[in-house]
Amino acid sequence: MAIADLYSSGEHRRNLAHFAAIATLASVDGEISSEEKSMLDRFAAKLDITEAEYMEVLKKDNKYPIDPPHTSENRLERVYDLFRIIFSDHHIDNEEMVLLKKYAIGLGFSGDQADKVIEKSVAIFSGRIDFEDYVYLLKH
């Protein structure tokens, strides 16, 4: 059973699943660096992850894989959720960009697709979209 299945709040379950996937990505090389730990701490605070949940996710014997959705729309929804989390402080840093790419690839996007999705999402979330894109988004 996934750790997210233990919690009843749909939003909290999604947040916990995102955090678990992020923590798994951070620890994929075996060690969590101080920069990665700092980023995990920020994500934990943004996602309302309790200390107990945090410790459970970081246990060496507990790896929570990214469960890639089968449809591109569901993959985009997961990327969107993560962008909402990252941009909750209206800022994105280089470590978060690296993590986003790893996450997008883990969800099933190719490297090129991940770059395009991230580039467009950053433009949208930071409010730097072209007028043509704005019109397209409003009409569709």
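A salt bridge is taken here as a side-chain nitrogen of Lys or Arg within 4 Å of a carboxyl oxygen of Asp or Glu. The model is predicted, so to speak of local features a pLDDT of at least 70 is needed, side-chain atom pairs count only at pLDDT 80 or more, and totals for chains, interfaces and linings use all residues. Residues are numbered from 1 along each chain as its sequence is written, and side-chain values use heavy atoms, with hydrogens and water left out.

By that criterion, the structure holds seven salt bridges. One of them pairs E56 with K59, at 3.1 Å from N to O. On the accessibility scale (buried under 20% relative accessible area, exposed over 50%, partly exposed in between; 1.4 Å probe, protein chains only), E56 comes out as partly exposed at 24%, and K59 is partly exposed too, at 40%.

R42 sits in helix α2 and D93 in the loop between α4 and α5, so the bridge ties together parts 51 residues apart in sequence. (Helices are DSSP runs of H or I, at least four residues, and strands are runs of E, at least two, numbered from the N terminus.) R42 is partly exposed at 30%, whereas D93 counts as buried at 17%. R42 also meets E96 in a salt bridge of 3.6 Å, N to O; here helix α2 is linked to helix α5, across 54 residues.

As for the nonpolar core (buried Ala, Val, Leu, Ile, Met, Phe, Trp, Tyr and Cys residues joined through side-chain atoms within 4.5 Å), the largest one has 34 residues, and F19, F43, L82 and F83 have the most contacts inside it. Helices α1 (10–26), α2 (34–46), α3 (51–58), α4 (72–86), α5 (94–106) and α6 (111–125) each supply at least two of its residues, with α1 giving the most, eight. Leaving aside residues up to four places away in sequence, F19 touches L40, F43, A44, L47, I49, Y54 and V57, a contact being heavy atoms within 4.5 Å.
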